[in-house]
Structures are given as C-alpha cells and as structure tokens.
Amino acid sequence: MPAPPPPPSLPPGAALLLDLDGTLLDLAATPDGVRVPEGLPATLLALRGRLGDALAIVTGRPVAQVDALLPGVPYAVAGEHGGAIRFAPAAEEERVALPPLPPSWREAAAALVAAHPGTLLEEKARGFAVHYRLAPGAGPALERALAALLDGQATHRLLPAHMALEVRPRGADKGTAVTALLARAPFAGRRPVYIGDDVTDEDAIRVAGARGGLGLRVAEAFGDAAGVRAWLGRLTAGASMT
Ligand SMILES: [Mg+2]
C-alpha cells in the first residue's frame with residue numbers, strides 16, 4: 001500500500017470530532033481488548049485546551065465506556081452511534097428516543113454466535129454487534145442470517161464494520177451526532193474536522209464536509225490509528241489554533 005499523502009492542517013476555528021476504535025486506538029481482537037496508548041490522553045487534553053474545549057469523541061461505544069477509557073479527556077462524548085450524547089464534562093447523557101430492539105432478535109443473535117465458534121456477541125443498549133475477527137470464514141454466513149432476520153422491517157438496519165456486523169435502530173447515526181454537537185457550545189460556529197475509519201463514520205464525514213469542515217478517513221489520510229496519533233501529536237507542537 002503506498003504511503004498516504006500528508007494530512008491537512010486544521011482550519012482556523014476548528015472543532016475536532018474523533019471516532020475512537022481504529023481512529024485513536026488500535027483495533028483489538030475484542031472490544032474489551034483495546035489499550036489506550038501512553039501519551040494519548042495528554043495529547044488530546046492539550047488539543048482540547050487549544051481548541052477552546054471543542055474536542056469530542058463520536059463512537060459506537062456507550063458514553064460510560066469512553067469516559068472509563070479516557071477519563072476527563074473529551075469535552076463531549078456522542079456514544080451509541082448518536083443514540084446518547086453527553087454534551088459537557090459534568091452533564092448527564094441525553095438519550096435519543098429510538099425504536100426498541102425486538103427481544104427475539106437478541107435470542108436469535110445468541111443462537112447464531114453459538115452456531116459459529118469463535119464469533120462473539122456484543123450486546124449494546126440499542127442493538128448488538130456480532131464480531132468474527134477470530135472466525136473470519138463465518139462472515140458471509142453471519143451476514144446472510146442477520147439480513148434474513150431483519151428482512152421486511154423498517155426500524156433497524158444492518159451495518160458492516162471491521163470484522164463485525166452491527167444491528168442498530170434507524171433514527172440516529174454519527175451524522176446526527178455531529179449535527180447535535182454543532183448546535184451547542186463550544187462546538188457551535190466552529191468548523192468540524194471529523195476523523196473516522198469505518199462505514200458508520202461516513203454519515204459524520206458527510207455532515208462535517210457539508211458544514212464547512214473536513215471529513216477524513218483514517219486509511220486515506222493517515223494510514224492507520226498510529227498515523228492519526230502522530231498527526232495529533234504534531235498539532236500540539238504547533239501554534240495556537242483557537
Ligand atoms: Mg472506528
């Protein structure tokens with residue numbers, strides 16, 4: 001793979017909106033297996049200070065997991081793919097009303113994982129993900145089974161992720177999360193710079209571009225999460241960005 005072009009500098013008045021897994025953190029075999037690299041929290045805090053607090057994490061994980069991984073670091077966290085947002089450091093998370101997951105689907109997902117050794121069911125507040133990183137050959141069969149499960153309904157969608165398939169309600173995504181963040185201080189009036197690595201980041205990348213900012217894909221702009229971290233580190237060494 002050729003080396004990616006050098007990533008752009010931050011535009012004036014930027015807000016940084018960052019995906020977590022695969023963007024700031026290296027992907028792990030399981031969601032619990034991720035590791036926060038030494039130095040990342042300090043880098044993010046320095047950037048947050050320079051951006052007038054306008055630094056948020058936008059992820060599929062629950063807000064509480066982000067705050068456990070990066071305590072006190074982001075000003076705001078949009079979790080559950082836009083389904084829950086904590087807009088300020090001490091604020092309660094605000095939950096978006098979304099269609100509930102049919103209970104029988106959780107049972108079906110558990111049976112599916114049991115039938116494919118090495119696959120892993122990740123329960124989420126609004127849906128679930130089936131991971132097959134440890135059983136890569138199971139991907140097509142899982143996708144067929146989940147597509148059949150969701151066939152004929154309009155409330156939920158099936159989304160491919162890195163070696164995983166996720167079932168989520170319609171009505172919230174990372175794009176609606178970016179729009180919600182940009183409606184409030186300290187993000188309002190700033191140019192969103194969104195960075196993400198996955199299919200679910202495309203909604204946010206589109207919104208960031210439409211709002212006068214930048215939407216950057218990790219593989220294209222940075223190579224990998226280590227490339228993103230190196231770029232963020234270089235930004236902290238630069239001049240004031242507010
Ligand atoms: Mg990601």
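In this predicted model, the largest nonpolar core has 48 residues, and the members that touch the most others are Leu 16, Leu 17, Ala 56 and Val 178. Strand β1 gives the most to this core, with 5 residues. There is also a second, separate core of 11 residues, and Tyr 132, Leu 142, Ala 164 and Leu 165 are among its members.

Which residues is Val 178 in contact with, leaving aside its neighbours within four places in sequence? The list is Leu 17, Val 58, Pro 192, Tyr 194, Ala 204, Val 207 and Ala 208.

**The sheet and the helices across it**

Now for the strands. An open sheet of 7 strands runs in the order β5-β4-β3-β2-β1-β10-β11, and its pairing is mixed. Because β5 (94-95) and β11 each have a single partner strand, they stand at the edges, and one side of each is left without a neighbour in the sheet. If you want to find one of the residue pairs, look at Gly 196: its bridge partner in β11 is Arg 217.

| Helix | Lies across | Angle |
|---|---|---|
| α5 | β1, β2, β3 (76-79), β4 (84-86), β10 | about 160 degrees to β2 |
| α6 | β1, β2, β10, β11 | about 150 degrees to β11 |

**A closer look at α6**

Helix α6 covers residues 202-210, and its buried residues are Asp 203, Ala 204, Ile 205, Val 207 and Ala 208. What covers those buried residues? The cover includes β1 (14-18), β2 (55-58), α5 (174-182), β10 (191-196) and β11 (214-217). A handy rule for reading such a list is that an α-helix has 3.6 residues a turn, so residues three or four places apart point the same way.

Ala 210 also has its place in α6. Is Ala 210 buried or partly exposed? Ala 210 counts as partly exposed because it has 13 C-beta neighbours inside 10 Å, while the buried label needs 20 or more. From Ala 210 to Pro 192 is 18 residues in sequence and 9.6 Å in space, C-alpha to C-alpha. After α6 comes Gly 212, which has a positive phi, near 80 degrees.

Leu 216 is found in strand β11. Even though β11 stands at an edge of the sheet, Leu 216 counts as buried because 23 C-beta neighbours lie inside 10 Å. Leaving aside neighbours within four places in sequence, Leu 216 is in contact with Pro 7, Tyr 194, Ile 195 and Ala 221. Pro 37, on the other hand, is 179 residues away from Leu 216 in sequence and 21 Å away in space, C-alpha to C-alpha.

**Two domains**

Zooming out, the chain is divided into domain 1 (14-96 + 172-236) and domain 2 (103-169). How far apart are the C-alpha centres of domain 1 and domain 2? They lie 25 Å apart. The contact between them takes 12 residues from domain 1 and 13 residues from domain 2. On the domain 1 side, the touching residues divide into 5 nonpolar, 5 polar and 2 charged.

Conventions. Residues numbered from 1 in each chain as written. Predicted model: local features only at pLDDT ≥ 70, side-chain atom pairs only at ≥ 80, totals over all residues. Buried ≥ 20, exposed ≤ 12 C-beta atoms within 10 Å, placed from the backbone. Helix = DSSP H or I, 4+ residues; strand = E, 2+ residues; numbered from the N terminus. Contact = placed C-beta atoms within 7 Å. Core = buried A, V, L, I, M, F, W, Y, C linked by C-beta atoms within 7 Å. Domains from an automatic or database assignment. Nonpolar A, V, L, I, M, F, W, Y, C, P; charged D, E, K, R; others polar. Pairing = 2+ DSSP bridges. Axes fitted to C-alpha atoms, helices over the stretch in contact; angles between N-to-C directions.
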